[in-house]
Amino acid sequence: MSLQILAVDDSRTIRDMLNLTLSQAGFNPHLADDGIHGLELLEGLTPGAIITDINMPRMDGFGFIDAVRKIEKHRATPILVLTTESAPELKKRARDAGATGWIVKPFEPKKLVRALQMVTG
Amino acid sequence: MTDEVDPMIEIRASFFVECEELLESLQDGLQLMDDGQSDDETINVVFRAIHSIKGGAGAFGLEELVRFAHQFESVLDGVRSHTILVDRTDIAIFFQASDILADLVRAARDDEPADQEKVQSILDKLSVILGDNAQEEDEVDASDFQPMGIALDLGLPELSDNESVDTDTQHEPAITTDAISAPGNEKPEHFLEGFKIFFQPDSSLYETGNEPLHLLKLLREIGEVDVSCDTSNLKSLSELEEEKSYLAWTIYLATDEDEASVRDIFDFVADLCKLDISPISNSTLPPSNKTDDAPLSSELSIVPTASETVVPPAPPQISQNTADLPVRKSTVPTLPKTNTDNNKPSNKPRPTVRVDLERIDRLVNLVGELVINQAMISQSVTDADLPSNSAISAGLDEFMQLTRDIQDSVMMIRAQPVKSLFQRMSRIIRESSAMVGKSVCLKTDGENTEVDKTVIERLADPLTHMIRNAVDHGIEKEEDRLNADKPAEGIVTLMASHRSGRVIIEVSDDGAGINRERVLQIAMDKGLVAENSQLSDTEIDNLLFLPGFSTASEVSDLSGRGVGMDVVKSSIIALGGRVTIQSEPGQGTKFTISLPLTLAVLDGMVIEVAKQILVVPLNAIAETLTLTQESVLPLGPNNRVIKVRDVFVPLLDLGSELGFRAPLNNFDNAVVLLISQENGTQAALVVDAIQDQRQVVIKGLQNTFGRPSGVAAATILGDGKIALILDPIDIVSSAESAGNLAQNNLQLTG
């Protein structure tokens, strides 16, 4: 069974790309369009890693990561943050919220998979 | 990796669809801001729309779009963080910027160049607003916007490699067999060139979901590694805390890669560990063999060989190792920072699926067939003369109801809110009012009214023209408005609603109203009406729809595009619609467009003329009457009129107009359909009999038939026969132009 990856992004285009990239790389992607939706999906998933956008309606990435970390079974699940800004302060905020790493958008498929490898082995 | 059609092309197409939606929310948000509702969530919505467009554009390497969106986004970011305060002038610029953003999106989509001058001018305006906020964060990290490669060959080992790691250990002996060993300072004997890495995770590394083992594996991928693990701080099992860090690793890495690539592997954890990477060459250290003499407590068979779950424990006290190295304070995730909108339930868009329009059209067609089929069965049942309480009749009633429900539901699929159309119009208002130097705002109502997608698409041009007309001719100049005690800003209102099975769209302005004197004069000058004609107000207003009529005394840039209201009218009629006009001097003018809900089905009256079965669209029929010979009055040698409620209405024999028979002479008991024309006048069509009133599926006539005058389309009736669907207004107007008809209804006086 291929590794489940939960990808959360409000942009359909980015979701489509994540879906494509992840499927082609042999992962089993699950897609959510914001933090709340992501949390809903998480109830039925045991993803090997979570990828999340920051700027999203309803519940943004920081809120989402924070909420995921409070769920016992996902306390150590790697979470990668998608960000268009490689600005250090954003990485810092994501890190403070409990993010494992980050992927700078627009992501290259290789880099995305590489980042996943860095956190899932 | 794939031989199929590049899925990126599909995603690209869907990106542009998404952009349209984002542009819509952008417009909505800006409108709210303009209305003074600049709360955080509104600004966030605007920001996110731009942000998402930028993100997607970056992925496809649409540099121009990225550049513009970035600038726009920076401004909104400033607004969001309250470092930029905006007034309505700025919001007006945001509206312009959103127009340009829309232009750029479409230019990118259609692979056409954008208007650089316009783009630059708005970019400049945005820079002014951005002002001092344009600091370093504005310097786009070029690497952020490298186009994503379209090719998706990841060039990586198959993922299954990850899963087989544990069985591959003979090739990579270091990690698994020697993971736990004494502090290793010995460089492996075969070591050539590479790095010595000291890696000691903080406890926080585990708290963020990072896992040293994965990093070690990645190191192994770029070279040969020799790993030794310092377990000296390890506690006994009972004392171990799951997420505390107790271990440290020393790794010798033989690789051709440079230091940056090695550091890259530790990118996510650089702030969560003690990390020392130093290049070494062959001469740096003496070769040594792996050591097996590490003090190993027997319980500690928790060698991190299993890839996912084991969190290597490590002692909390790492003092002896950290004496000379600054230990980063572990960043405990103390900040449960949630967005302000975190707890705010918002209306989440309902889940949707995207479906190829072709499939829907196929479904629409099939349902059309179903409707015909159902009608045929009904017909057979009727013909079979079964008792009305028979099971088959009851079943048939239900079948009819279901068919109609299915049909309605299918038509709903094609329906879209007119909102997107209205939004396009707000841009027309902005641009056209700027062009003629008037201040005009657009008010909309009923923008969630749903209309067939094709209707929406085909309404854009006529509406654009009407809006431009309203701005150009309807709304007065500012000083005239002030003199008339009106607010300086003119209002154009777009309103949509459903009314008795049709869609009503109103375009109104609060301008001066139609100058009827002038309209009449122009019509006379152009020979459109006879000199000294006495026309009613409605008739004068309707002159605007005549071909070749233009009131603009000087042809302005705006409405002088060679398109008159006659074209507007004919495009609306082509949609099965009608347009009427109402005007009140000093109060404004209102155009009302009435459209069928769908283009696929119509309610028709089935009639018989000269033994032919025909269908007349119900919406064209004002009423039906039965004549007596006395009620028909001759008007000249060929024309006849009938009197309907004190108005003389021209009478036409449908059979002869269609060339089915010679003109009738006896009208006793003749049935007539009273047809309402768009200009409000009426005409009466004589038919032989009215058979039925029912919904029919419109089947287009193929081009081989040309477009026979008076015929709109065809349909298949319940008995399987084909019937033509007439265009009665066309019949009346061609009769008019052939001189077979009294031109205007004459009002009886007294």
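Reader: Before we look at helix packing, how do the axes and angles get defined here?
Author: Axes are lines fitted to C-alpha atoms, for helices over the stretch in contact, and angles run from 0 to 180 degrees between N-to-C directions. Keep in mind that this is a predicted model.

Reader: OK, so at what angle do α14 and α15 of chain B pack, and how far apart are their axes?
Author: In chain B, helix α14 (residues 419-436) packs against helix α15 (residues 453-474) at an angle of about 30°, and their axes are 9 Å apart. Because angles under 35 degrees count as roughly parallel, α14(B) is roughly parallel to α15(B).

Reader: And is that crossing left-handed or right-handed?
Author: The crossing of α14(B) and α15(B) is right-handed. The residues of this contact divide into eleven nonpolar, three polar and three charged.

Reader: Which residues meet there?
Author: On the α14(B) side they include B:Leu421, B:Arg424, B:Met425 and B:Ile428, while those in α15(B) include B:Ile456, B:Leu459, B:Arg468 and B:Asp472.

Reader: Switching to confidence, what is the mean pLDDT of chain B?
Author: The mean is 76 for chain B, with 76% of its residues reaching 70 or more. Over residues 136-184 of chain B, however, pLDDT stays under 50, and the model has 117 contacts beyond four places in sequence for that stretch. Residues 552-562 of chain B also have pLDDT below 50, with 15 contacts in the model beyond near neighbours in sequence.

Reader: What about chain A, what pattern does it follow along the sequence?
Author: Chain A has five helices and five strands, and reads β-α-β-α-β-α-β-α-β-α along the sequence. Of its 121 residues, 68% are buried.

Methods. Residues are numbered from 1 along each chain as its sequence is written. Chains are lettered from A and ligands numbered from 1 in the order in which they are written. This is a predicted model: local features need pLDDT of at least 70, side-chain atom pairs count only at pLDDT 80 or more; totals for chains, interfaces and linings use all residues. Side-chain values use heavy atoms; hydrogens and water are left out. Helices (H or I, at least four residues) and strands (E, at least two) are DSSP runs, numbered from the N terminus. Angles under 35 degrees count as roughly parallel, over 145 as roughly antiparallel, 65 to 115 as roughly perpendicular and the rest as oblique. A crossing is left-handed if the near helix is turned anticlockwise from the far one by less than a right angle, and right-handed if clockwise. Contact means heavy atoms within 4.5 Å. Ala, Val, Leu, Ile, Met, Phe, Trp, Tyr, Cys and Pro count as nonpolar, Asp, Glu, Lys and Arg as charged, and the others, Gly among them, as polar. pLDDT is the predictor's confidence in each residue, from 0 to 100. Buried means under 20% relative accessible area, exposed over 50%, partly exposed in between (1.4 Å probe, protein chains only).
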